[in-house]
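User: I would like to learn how to read a structure that is new to me. Please take me through some features, with the general idea and then the case at hand.

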Amino acid sequence: PSPASPQANAPVVTSKPPRPYTEYTMFYQLEREFVLRKVLCSEEEQKKEKDAENGEVALFRNDPLMPERYRDLPLRADWYISGKSKKPSKRKHRKSHGKIGFLELTRMIAARWAKVDDETKKYCKMMAAMELVKYKEDMESYNAYTERLSAIGEIPEDMKARELKKRIANERKKNKNAASSPGATKETPVAPKRTAPSRKAKVAKRTTSVEDDMELFISSLVDEKPKTVVSPDRP
């Protein structure tokens, strides 16, 4: 980007940005909080939960763009940012609601998305579009950063961490497959097997036998008494 562009003074993105939420995922984040806090909780339970939140407030209560049904929810300020890029929150972890299973909750929210009102759908679409623009800008910055490192033979730290994680996972998988293979033996003492004589030993034995036969043959020639040769001219 040129010095006059807004990205010129933007901080360099040194870690690969996670993919942003889609409009449905935006709706899922909002509707999940609504279902857990409003639909599945009685008024008494809502009051107890509100008292236990230690001053947590609805940050979007006065936001005219936020659909009215979600304005009273104590949402995080960065609820619309995909999970990996969220900053650590000081908010205490809420206990598991225990009122509905994950699969049932997901089906409920999917069914509500099919009948969602126009106001909520437009809001979720707008938030998803804004995050997509931010994601593309961050990816451009990250790609430029990786190119600069590649020019000097380096790779980003987050890529090193991913490669290490992948290598560890492959080693664990390899060890697991080796342990579960039919030929793998458990940690039990194995009796030593009797090994058959090697081919070299057989060849050596055969060679020794031939050498002995040669020695016997030569000895028989040496020990044999010389025969008298009679000259034909001798009377």
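User: In which helix do arginine 162 and aspartate 158 lie, and how many residues apart are they?

Analyst: Before the answer, one caution: this is a predicted model. Arginine 162 and aspartate 158 are both part of helix 5, with a spacing of 4 residues, about one turn of the helix. Their side chains meet in a salt bridge, at 2.9 Å from N to O.

User: Which side chains does lysine 160 meet in salt bridges?

Analyst: A salt bridge is read from a distance between a side-chain nitrogen and a carboxyl oxygen, with a cut-off of 4 Å. Lysine 160 meets glutamate 157 at 3.5 Å, N to O, and glutamate 154 at 3.9 Å, N to O. Glutamate 157 and lysine 160 both belong to helix 5, which covers residues 157–180, and they are 3 residues apart, about one turn of the helix.

User: Why does glutamate 157 count as exposed, and what of lysine 160 and glutamate 154?

Analyst: Glutamate 157 counts as exposed because its relative accessible area is 55%. Lysine 160, at 34%, is partly exposed, and glutamate 154, at 39%, is partly exposed too.

User: How many salt bridges does the structure hold, and which residues are linked in a network of them?

Analyst: The structure holds 10 salt bridges. A network of salt bridges links Glu31, Arg69 and Arg112.

User: How many helices and strands does the chain have?

Analyst: The chain has 6 helices and 0 strands. Read from the N terminus, the order of elements is α-α-α-α-α-α.

User: Now the inside. How many residues are in the largest nonpolar core, and which have the most contacts there?

Analyst: The general idea is that in soluble globular proteins nonpolar side chains tend to be buried together. In this model, the largest nonpolar core has 23 residues, and Leu30, Met66 and Trp79 have the most contacts inside it. Helix 1 (23–39), helix 3 (102–114) and helix 4 (118–151) are the elements that each give two or more residues to this core. Helix 1 supplies the largest share, 7 residues. For the chain as a whole, 21% of the 235 residues count as buried.

User: Last, how far apart are proline 11 and serine 141 in sequence and in space?

Analyst: Two separations should be read side by side, one along the chain and one through space. Proline 11 and serine 141 are 130 residues apart in sequence, while their C-alpha atoms are 8.6 Å apart in space. Proline 11 is in the segment before helix 1. With a relative accessibility of 69%, proline 11 counts as exposed.

Terms used
Residues numbered from 1 in each chain as written. Predicted model: local features only at pLDDT ≥ 70, side-chain atom pairs only at ≥ 80, totals over all residues. Heavy atoms only, no water. Core = buried A, V, L, I, M, F, W, Y, C linked by side-chain atoms within 4.5 Å. Buried < 20%, exposed > 50% of the residue type's maximum accessible area, 1.4 Å probe, protein only.
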